[in-house]
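Student: I am new to this structure. Please take one part, the strand pairing, and go through it closely.

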Amino acid sequence: MKIIVAPDSYKGCLTAFEVADAMEAGIRDAQSDAIIWKIPLADGGEGTVEAVLRAVGGQKVELTVTGPLGLPQRSFYGILPDRTTAVIEMAAAAGLPLVPARQLNPLVATTYGVGELIRDAIKRGCRKLIIGLGGSATNDGGAGMAAALGARLLDAAGKPLPFGGGALGELRRIETDAMLPEIRECEFIAASDVTNPLCGEYGASAVFAPQKGATKEMAALLDRNLAHYAAVIKRDLAKDIAEVSGAGAAGGLGAGLLAFLSAKIASGLDILLGLTRFAEKVAMADIVFTGEGKTDRQTVFGKAPVGIAAAAKKFGKPVVCLSGSVGADVKLLHERGVDVVISVTPAPIPLEQAIAAAKQNIRQTAAQIMRAILLGKSL
């Protein structure tokens, strides 16, 4: 049998790669000669570069950039086998894991390092750049990224703004004459499944800044600053980005990519499926295995198993979802193309035990599902 294994991570437990490996092991326990294509999923956040490079090959480029707090930070991105496409995850230069919890501060955190990754990729000849948005420690609207590429964001005295979203209220004009000229030759795609606008009740600051260390008062200031930033962008760059769906992704980096790089925002999952040639593989496959940490009614709102099922059902392929836990209303998933939803946890147990046994439980459940499939084929 030909089988696709395309799980999301089990958040707080296993990475998508670990889940895929456990599923593969279980499938082979039941059928050792199965042909298996593993496509661990990522939506543009942490793990996106590794997911793409594992699936299609390419080169991992490592370099030192400016980290979210302005200090040197080892980072990376990927160049695909065509040598002209780069995959960058902003979290590798400006992500939450790069900042100690006690030092989180979106007033000063910067995306400058993201711009340095983009610059390096362009200088190496890449002309299509996919930038994954997710897991950011920043709320600067991509101002740091733009500055690293040569944009000048100036205050009333004509001086460049300091790093961070806290300084955007002092912005008086934007100059782009000195931006990297090769940018005009490039295509930029922002990979994100976040649809938040830049400002307001559902904007970057109100929704995401608190997890980056912002108090209620700080979040309100950051929101006002981003609104001012958007107004100056509209005046100086003739780009109206404030209400664009996804502009609020990654602390407003989505807005910065739209404004300074004329990027297009696209689904991170769809981009990954395209890069890994999922459609070609699923056309030849007999069945698709997917999964996530918890499957419930929220899964139907754009989470990975539903996206995988939609792609698989274009070819009439069955889809099995193995999850750490399964909530109510799974029939909603059946309506979206997920044929079987199974919890890998064999009995009610404490969360700590479930996490500790997750790999083995995934393997065992995948094996039992495969045995049932093979039994059905033999009848």
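Tutor: What follows is a walk along the paired strands and their turns. The model is predicted, so local features are described only at pLDDT of at least 70, side-chain atom pairs count only at pLDDT 80 or more, and totals for chains, interfaces and linings use all residues. Residues are numbered from 1 along each chain as its sequence is written, and side-chain values use heavy atoms, without hydrogens and water.

Strand β3 covers residues 59–66, and β4 covers residues 72–79. These two strands pair (at least two DSSP bridges between them). The sense of the pairing between β3 and β4 is antiparallel, and it runs over eight bridges. One place to look is Q59, whose bridge partner in β4 is I79.

Now follow the chain through the turn. Strands β3 and β4 form a hairpin, with five residues between them. In that turn, G70 has a positive phi of about 85 degrees.

From β4, go on to β5, the strand at residues 85–89. The pairing of β4 with β5 is also antiparallel, this time over two bridges. Look at I79 again: the bridge partner of I79 in β5 is A86.

Definitions and conventions:
Helix = DSSP H or I, 4+ residues; strand = E, 2+ residues; numbered from the N terminus.
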